[in-house]
Every structure is written in C-alpha cells, then in structure tokens.
Amino acid sequence: MEKLIIAGPCGAESKRQLIDTCVALAATGRVHMLRAGVWKPRTHPGSWEGVGSRGLAWLAEARQLAGLPVAVEVASARHVESALRHGIDALWIGARTTVSPFAVQEIAEAAAAMVVAQEKNPHSTLHCGRRSDHQIACGAPPADGIPHLLIKNPVNPDVELWSGAVERFLNAGFAPEQIALVHRGFSCGGRDAYRNAPMWHLVFEMRTRHPELRMLCDPSHIGGARQFVPEIAQTAADLCYDGLMIESHITPECALSDAAQQLTPAALDELLGRLKWRSSCAGDPEFIRALERLRGEIDQIDTEIFELLGRRMAISEQIGRQKRDNDVTILQGDRWRDIVTRITARAEVLGLSPEFIKTILNAIHTESIARQV
Ligand code: PEP
Ligand code: MN
C-alpha cells in the first residue's frame with residue numbers, strides 16, 4: 001500500500017502563508033494531502049486561536065492551486081458543517097477533542113450526515129471526486145484512496161478513549177477505509193526531551209484492535225522541535241506505519257503556533273527523500289510485512305522495558321541514600337516478599353508464568369541491592 005503523506009502548516013495564518021506553503025509542498029511531488037488548522041484548540045486562553053471560518057475559503061483556494069485534497073481540524077458540529085460546505089476533503093479530530101465522548105458523538109453525527117451522503121452521490125461537489133492533472137503527475141493516490149476522517153490519539157494515554165472515538169464514527173456510518181488514525185503522542189508531565197511521549201506500545205494495541213484502519217504518525221507533535229522530526233518519522237517507517245502527518249510552514253520561525261516544530265517545504269522534501277520505509281524484497285510480501293511489523297514492535301518494547309528498568313534503578317539509589325541517612329538496613333525482607341506476592345498474583349492476567357516472573361524479579365532485586373550498597 002502506498003504511504004500516505006499529509007503536510008501543511010499548524011495553522012492557516014494568512015492567505016499568502018497558506019497558499020505559498022501548499023503550492024511549495026505540492027511541488028515536492030511527495031505529498032498527497034494538505035493540512036491546516038483554522039480553529040486552534042489552545043491549552044491557555046489568549047494564545048492564537050486560529051483565523052476561524054474565513055480560513056476555509058483560503059484552504060479551498062489552496063486546494064485548487066496545489067491540486068491536492070485538504071484537511072482541517074474540527075471540534076464541533078458547526079465546524080464540520082462549515083468545513084464541508086467549503087469543499088474540505090478530510091476532517092481531523094484533534095487530541096483535545098478525542099478525549100470528549102460528547103464532542104466526538106456530535107461530530108460523528110454531523111460528519112456522517114454530510115460525508116456519507118456525499119459518498120453516495122457521484123455528482124457531489126463537496127469532495128474531491130476527480131484527480132487533477134497535477135495530482136496525477138505527483139503520483140497522488142486517487143481521491144477514494146484518501147481517508148475523509150483522521151482521528152488523533154487523545155492527549156492522555158488511554159486506548160479506550162481512542163478506540164471509543166473510532167467506534168462512534170463506525171457506528172455513525174463511516175467505512176473503515178474512510179478513517180485513518182493519527183499517533184501524535186501522549187502528555188505525560190514532560191519528563192522526556194520530546195513534547196509528547198510516543199508510548200509506541202499503545203499504538204500497537206490500537207492496531208491490534210483496529211487492523212482495518214490506516215495508522216499515520218505525526219512526528220511534529222510528538223517531537224515538538226524540528227530536530228526530532230526525522231528520527232521519529234524513521235521510527236514510524238520502521239514500524240510499518242501507513243503514512244505521516246507533518247507540519248510544514250513557508251517561514252517556520254514566524255509561525256503563530258508550533259513554530260519550533262514546523263519544517264520548511266524544502267526541509268520536508270529532504271526528510272521524505274531520506275526516509276527509508278522498510279521494504280519487502282523476498283518471499284511472501286504479506287508475511288514479510290507482518291514479520292517486520294512484529295519485530296519493530298518487539299524492538300520498541302525492549303527499548304521501553306530497559307528505559308523503565310533504568311528509571312527503577314535510579315529510584316532504588318535514592319531509597320538507598322535515604323536508608324543510609326536513617327541507619328536502616330538495605331535488605332527489607334517483608335517489603336520484598338510483598339512485591340513478589342503482588343506481582344506473581346497477577347501472573348495469569350499478565351500471561352506470564354510465576355517462575356518467569358520470579359526469575360526476572362530476582363535479577364531486578366540483585367541489581368537494586370547492588371545499587372544501594
Ligand atoms: C494540530 O495538528 O495542529 C494539533 C492541534 O494537533 P493535536 O491535536 O495533535 O495537538
Ligand atoms: Mn500544531
């Protein structure tokens with residue numbers, strides 16, 4: 001399956017900025033859909049909240065000039081109606097909206113009434129029914145190959161909310177091929193260099209639950225800074241994601257939102273040119289793809305396991321210092337027995353044998369004690 005690349009500025013700021021960015025992105029020949037927010041959900045009031053519905057007319061013009069379908073973020077039924085009236089091809093549900101079942105339900109009903117109806121109407125002017133010459137020249141996928149709805153993961157690491165949002169759109173009448181998921185990372189109190197923790201294992205869980213949906217990665221919102229975007233995009237490619245959504249601005253340093261993470265169209269072109277999507281070169285392509293994907297998942301989980309072990313040992317050392325300062329023995333038999341009992345009691349739920357759990361815990365305990373002496 002061809003990888004779907006969506007790019008565009010965080011926000012539509014002016015007609016010039018939007019059109020210059022979109023035309024430059026289309027000229028790379030590597031982008032299949034354009035994006036720009038006109039209603040920006042901001043964590044704090046007083047931040048720039050987007051230009052509102054007047055930006056939709058600019059997006060419609062950018063769509064014409066660039067010859068590519070366009071996507072916009074919606075957070076209410078009113079947004080859905082205005083976006084679709086302006087001929088916007090795809091709607092995306094932002095991370096701050098996916099957390100709200102009421103908002104998702106309202107959007108699902110409004111969008112289904114319009115998108116599902118237009119899908120059934122071959123004469124509809126509301127969506128991109130034909131490919132322009134430019135799109136064909138760029139090798140963009142046919143209009144029916146683009147998703148009409150993109151659902152970003154919720155800000156908090158809760159797969160149930162993300163999955164619940166998918167169910168609401170499916171129940172409203174969307175077909176799985178019209179929906180794509182977007183992994184933009186999770187807010188976890190800013191411990192990492194990245195703006196949002198990727199928590200790749202949650203995406204593996206979503207893919208297992210919804211194997212029929214395309215999974216895209218948004219390395220811009222995960223990284224939060226330009227220098228991280230290529231490495232995150234490469235990890236997504238290694239994990240066989242189905243595409244990327246990346247923020248690009250004609251003059252990123254002047255952007256009114258997310259200035260630190262946006263790339264110029266030229267930088268994006270270079271990034272996409274360097275990106276190595278894992279390819280299957282021999283044997284049954286389906287088998288190789290499945291194997292690569294599973295191995296990628298294992299590599300990532302191993303990385304996370306060892307990062308967590310490193311954090312656990314750092315805490316052990318802190319405890320060691322406290323014990324020393326308070327003249328308390330390092331080995332606390334009762335405390336250790338409690339840990340072993342608590343975790344082995346969950347052996348069945350975890351799908352691990354009690355023997356295996358004990359072996360791992362003993363190795364952890366030995367290292368932990370060594371850190372405290
Ligand atoms: C965006 O895509 O510009 C955006 C606001 O994203 P998110 O919902 O992932 O924060
Ligand atoms: Mn943004």
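User: Where does Thr 21 lie?
Analyst: Thr 21 is part of helix H1, which covers residues 15–28. Helices here are DSSP runs of H or I with at least four residues, strands are runs of E with at least two, and both are numbered from the N terminus. This is a predicted model, where local features need pLDDT of at least 70, side-chain atom pairs count only at pLDDT 80 or more, and totals for chains, interfaces and linings use all residues. Residues are numbered from 1 along each chain as its sequence is written, chains are lettered from A and ligands numbered from 1 in the order in which they are written, and side-chain values use heavy atoms, with hydrogens and water left out.

User: Is Thr 21 buried or exposed?
Analyst: Thr 21 is buried, at a relative accessible area of 0%. Buried means under 20%, exposed means over 50%, and partly exposed is in between, using a 1.4 Å probe and protein chains only.

User: And what is Thr 21 in contact with, leaving aside neighbours within four places in sequence?
Analyst: Pro 9, Ser 248, His 249, Ile 250 and Pro 265. Contact means heavy atoms within 4.5 Å. The side chain of Thr 21 also reaches the backbone oxygen of Gln 17, at 2.6 Å.

User: OK, new topic. Which residues surround ligand 1?
Analyst: Cys 10, Arg 35, Lys 40, Glu 73, Trp 92, Gly 94, Ala 95, Arg 96, Lys 152, Arg 184, His 221 and Glu 247. Each has a heavy atom within 4 Å of the ligand.

User: How many of that shell are charged?
Analyst: The shell has 7 charged residues, plus 3 nonpolar and 2 polar ones. Asp, Glu, Lys and Arg count as charged, while Ala, Val, Leu, Ile, Met, Phe, Trp, Tyr, Cys and Pro are nonpolar, and the others, Gly among them, are polar.

User: What distances do Arg 96, Lys 152 and Arg 184 have to oxygen atoms of ligand 1?
Analyst: A polar side-chain atom of Arg 96 lies 2.9 Å from a ligand oxygen. For an N or O atom in the side chain of Lys 152 the distance is 2.8 Å, and for one in Arg 184 it is 2.6 Å. The protein covers 97% of the 300 Å² of accessible area that ligand 1 has on its own. That area comes from the Shrake-Rupley method with a 1.4 Å probe.

User: Last one: how many helices and strands does the protein have?
Analyst: There are 15 helices and 8 strands. Of the 373 residues, 49% count as buried.

Key
Polar contact = N/O pair within 3.5 Å; in protein donor to acceptor, adjacent residues only side chain to side chain.
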